[in-house]
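I set out to record what I looked up in this structure, entry by entry.

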Protein chains: 2
Amino acid sequence: MLDAALQVFASYGYRKASMEDVAQAADISRPGLYLYFSSKPELFRATVEHALEDSVEAAQRALADPDRPLHERLIEAFDRWAGRYVGPMADEIGVLIDSNPELLGAMPVEYPERFLAIVTEAIAADGDGRTHVPPGDVAATLHSTASGIKHEVSSRAEFRARMTTAIDLYCGR
Amino acid sequence: MLDAALQVFASYGYRKASMEDVAQAADISRPGLYLYFSSKPELFRATVEHALEDSVEAAQRALADPDRPLHERLIEAFDRWAGRYVGPMADEIGVLIDSNPELLGAMPVEYPERFLAIVTEAIAADGDGRTHVPPGDVAATLHSTASGIKHEVSSRAEFRARMTTAIDLYCGR
DNA sequence: ACTATACAAAGTGTGCGGAGTTTGTATAGT
DNA sequence: ACTATACAAACTCCGCACACTTTGTATAGT
């Protein structure tokens, strides 16, 4: 249901997406939607929060996998955090999130911070530090690289490939 | 004169900036402006081209300095290419450039490519390659990192500091 | 090599009324 | 736990006239 809402908000934008559109996408009636979410702003809030929560959690799971080397886990984590929103949706989701700041409050700042924190931790935990640069700085740099790449590529596969290069370069062999 | 025009276009946007505004900023009369540029689109074109040309050339000079190690030259080059447009002007210049594609033709693609090419060359020329990653990929990654960072920082000093970290990660040690 | 002034043509923001849409709620039914 | 239908209030969109601004050019003057 929140996934359907995300689709609708992402393709139409917050303003142009109507509750009716979301209801249809979620296969319920519009009044039915109001049984779950008391207003459009609240639905939007829940939608974005769900998407962000989902992404960090997926990233977290990827980073926690004990069987894979750091660089593979990092590729996976970045792919799950940002790769999903690459391509047609990339700008639209971005615009969606930071063009309605009053609706989302601290979320658009807090989730990236949380993601950054878990990446930092994963890098720090990997004994095998190959540079003198602090883990937090490595994480922040990779995060910026991911943002930059996201705006240049047109498919998730391309995003993954370019992030693989970046991670190789920054913390690979 | 083109610098004055850049200021005006950057702060008001292409549409809201009038020829009168530009003329005042350049301390000439509006009809006088038409003696140099036959129309507003042409003035805009010349303004952006001048700014981009200026930036690549400055970057090129930085990369050519034979007395400094690669990483210092790279920091300097990225600072000159992108650092100038960080802070208040960052988004505005970006919007300015890619929200008027019909006015600028191939410029917004060609100049970044040219910058990428000279960075690639500088990295390739530096014998001292510490990675197995091709120079073009290193350059592209750094370029994406710079784009990402540009949207996160609020001052040129901060941009420089973060790019220093990024470049350190690649060839610092 | 410019400025000041002037001008037509085109463009742009503004207020307005009315048609249509959307929100949030209610109510009756399954 | 929902759907279908209905409804008032608010909001958005559209066309349209109007004033105002802007563009590009001309002309006379320094």
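**Conventions.** I noted that this is a predicted model, in which local features need pLDDT of at least 70, side-chain atom pairs count only at pLDDT 80 or more, and totals for chains, interfaces and linings use all residues. Residues are numbered from 1 along each chain as its sequence is written, while chains are lettered from A and ligands numbered from 1 in the order in which they are written.

**Chain A.** I looked up the secondary structure and found 10 helices and zero strands in chain A. Helices (H or I, at least four residues) and strands (E, at least two) are DSSP runs, numbered from the N terminus. In sequence order the pattern is α-α-α-α-α-α-α-α-α-α. The C-alpha trace of chain A spans about 55 × 30 × 25 Å along its principal axes.

I then checked burial: 36% of the 173 residues of chain A count as buried. A residue is buried if 20 or more other C-beta atoms, placed from the backbone, lie within 10 Å of its own.

Next I turned to contacts, meaning two residues whose C-beta atoms, placed from the backbone, lie within 7 Å. Of the contacts in chain A with a separation of 6 or more, 60% join residues 24 or more positions apart.

**The two copies.** How is chain A laid on chain B? I found that a turn of 180 degrees with a shift of 0.0 Å along the axis does so, with an RMSD of 0.2 Å. That is the relation of a two-fold axis. The superposition is by least squares on the C-alpha atoms of residues with pLDDT of at least 70 in both copies.

**Where they meet.** The contact takes 18 residues from chain A and 18 residues from chain B. On the side of chain A that touches chain B, α9 (135-150) and α10 (156-171) each supply at least two residues. The most come from α9(A), with nine residues. By class I noted seven nonpolar, eight polar and three charged residues on that side. Ala, Val, Leu, Ile, Met, Phe, Trp, Tyr, Cys and Pro count as nonpolar, Asp, Glu, Lys and Arg as charged, and the others, Gly among them, as polar. Because 100% of the interface residues of chain A are also interface residues in chain B, the copies meet through the same surface.

**DNA strand D.** I found 13 residues around DNA strand D, the closest being A:S29, A:G32, B:M19, B:S39 and B:K40. Near means that the C-beta atom of a residue, placed from the backbone, lies within 6 Å of the strand. Two or more residues each come from α3 (30-36) of chain A and from α2 (19-25) and α3 (30-36) of chain B. The largest share, three residues, is from α3(A). This surface has six nonpolar, five polar and two charged residues.

Conventions:
A residue is buried if 20 or more other C-beta atoms lie within 10 Å of its own, exposed if 12 or fewer, and partly exposed in between; C-beta atoms are placed from the backbone.
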